[in-house]
Amino acid sequence: MTGERIITWAKQGMRDGVRIWRDGDAVAVGTPALFRRDRLAVSGPAGTVVALVETALAELGPTYRVFGEMRLVAQVAAAVPELEVSGRFGWMDALTVAEGGADPAKARWLDPAEYDEVDAVLDAAFPTSYARPGFTGVTRWSGVRDDAGTLVAVAADAWSAPGIGFMSGVATHPDARGKGYGEAVCRFTLRELIAEHGRAALSVDGDNDGAIRVYRKLGLTWRDIAVARVGRRDAPLTEG
């Protein structure tokens with residue numbers, strides 16, 4: 001189930017600062033600085049999860065954002081007065097990468113000396129990316145260069161956990177789109193993450209049709225997820 005995978009990911013191998021609340025089949029995992037936010041991942045029966053969330057938020061504080069399967073988060077937000085759904089996204093994952101398509105051999109893990117070029121691609125193509133070189137939890141970057149040697153597409157291994165590798169920061173320079181570079185870097189990165197962790201996952205905005213088409217082509221399956229946070233009831237629904 002998607003909720004169980006999210007919980008596995010949120011545990012982050014039980015690194016420092018991770019806390020768990022459990023009651024039967026209900027579980028909440030509080031993880032600081034996960035995907036650029038303090039997050040409280042939830043899974044299980046809504047009624048019991050609500051009680052766990054209330055306890056966890058009282059101990060963790062209001063910076064933690066509840067996230068999990070969309071229906072569950074909506075139920076929790078409806079039951080906890082201080083929470084408001086602030087973002088709706090897709091969780092996509094796979095155990096294998098579909099064959100065919102762009103050649104992943106064109107991609108490779110980049111040397112840290114190349115990370116200034118990663119920032120340049122992100123500045124041009126994806127300035128709001130949650131993953132950036134040097135950010136907490138962002139481990140390494142893959143990339144593809146064109147025939148002229150210019151870095152044109154990138155992706156990050158970021159916030160991966162035992163059992164689930166996580167890809168983020170996927171971007172293709174606007175001048176190089178439509179040539180398969182983005183697919184090649186995703187195909188390479190997902191294969192590497194699956195080989196190391198057994199499964200690969202990512203989060204994507206529901207209106208990012210182009211990226212979703214590529215991810216489906218690569219064999220990833222979509223699941224609806226949502227985020228709820230304390231206060232800011234005027235927050236846009238892309239604020240995760």
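This is a predicted model: local features need pLDDT of at least 70, side-chain atom pairs count only at pLDDT 80 or more; totals for chains, interfaces and linings use all residues.
Local features require pLDDT of at least 70 and side-chain atom pairs count only at pLDDT 80 or more, whereas totals for chains, interfaces and linings use all residues. Numbering starts from 1 along each chain as its sequence is written, and side-chain values use heavy atoms, with hydrogens and water left out.

The chain contains six helices and eleven strands. These are DSSP runs numbered from the N terminus (helices H or I, at least four residues; strands E, at least two). The radius of gyration, taken over C-alpha atoms, is 18 Å, close to the 18 Å of the globule rule for 240 residues, so the chain is as compact as a globular protein of that length. The rule is 2.2 Å times the number of residues to the power 0.38. The C-alpha trace spans about 55 × 35 × 30 Å along its principal axes. Of the 240 residues, 51% count as buried. Buried means under 20% relative accessible area, exposed over 50%, and partly exposed in between (1.4 Å probe, protein chains only).

The eleven strands form an open sheet of mixed pairing, ordered E1-E2-E3-E4-E11-E5-E10-E9-E8-E7-E6. Two strands pair if DSSP finds at least two bridges between them. Strands E1 (19-23) and E6 (107-109) are the edges, each pairing on one side only. Neighbouring strands are turned by 30° against each other on average, direction ignored. Axes are lines fitted to C-alpha atoms, for helices over the stretch in contact; angles run from 0 to 180 degrees between N-to-C directions. E8 (residues 151-158) and E9 run antiparallel and are joined by four bridges. Ala-153 has Thr-172 of E9 as its bridge partner.

Two helices pack on this sheet. H2 (residues 46-60) touches E1, E2, E3, E4, E5 and E11, and its direction makes about 150° with that of E1. H5 touches E5, E6, E7, E8, E9 and E10, at about 170° to the direction of E9. Contact means heavy atoms within 4.5 Å.

In helix H6 (residues 209-217), Ala-211, Ile-212 and Tyr-215 are buried. Seen down the axis, the buried residues of H6 fall within an arc of 100°, so they line one face of the helix. The arc is that of the directions from the helix axis to the C-beta atoms. Their cover includes E5, E9, H5, E10 and E11. Gly-219 follows H6 with a positive phi, near 105°.

Leu-95 lies in the loop between E5 and E6. At 49% relative accessibility, Leu-95 is partly exposed. Leaving aside neighbours within four places in sequence, Leu-95 contacts Ile-194, Gly-198 and Arg-199.
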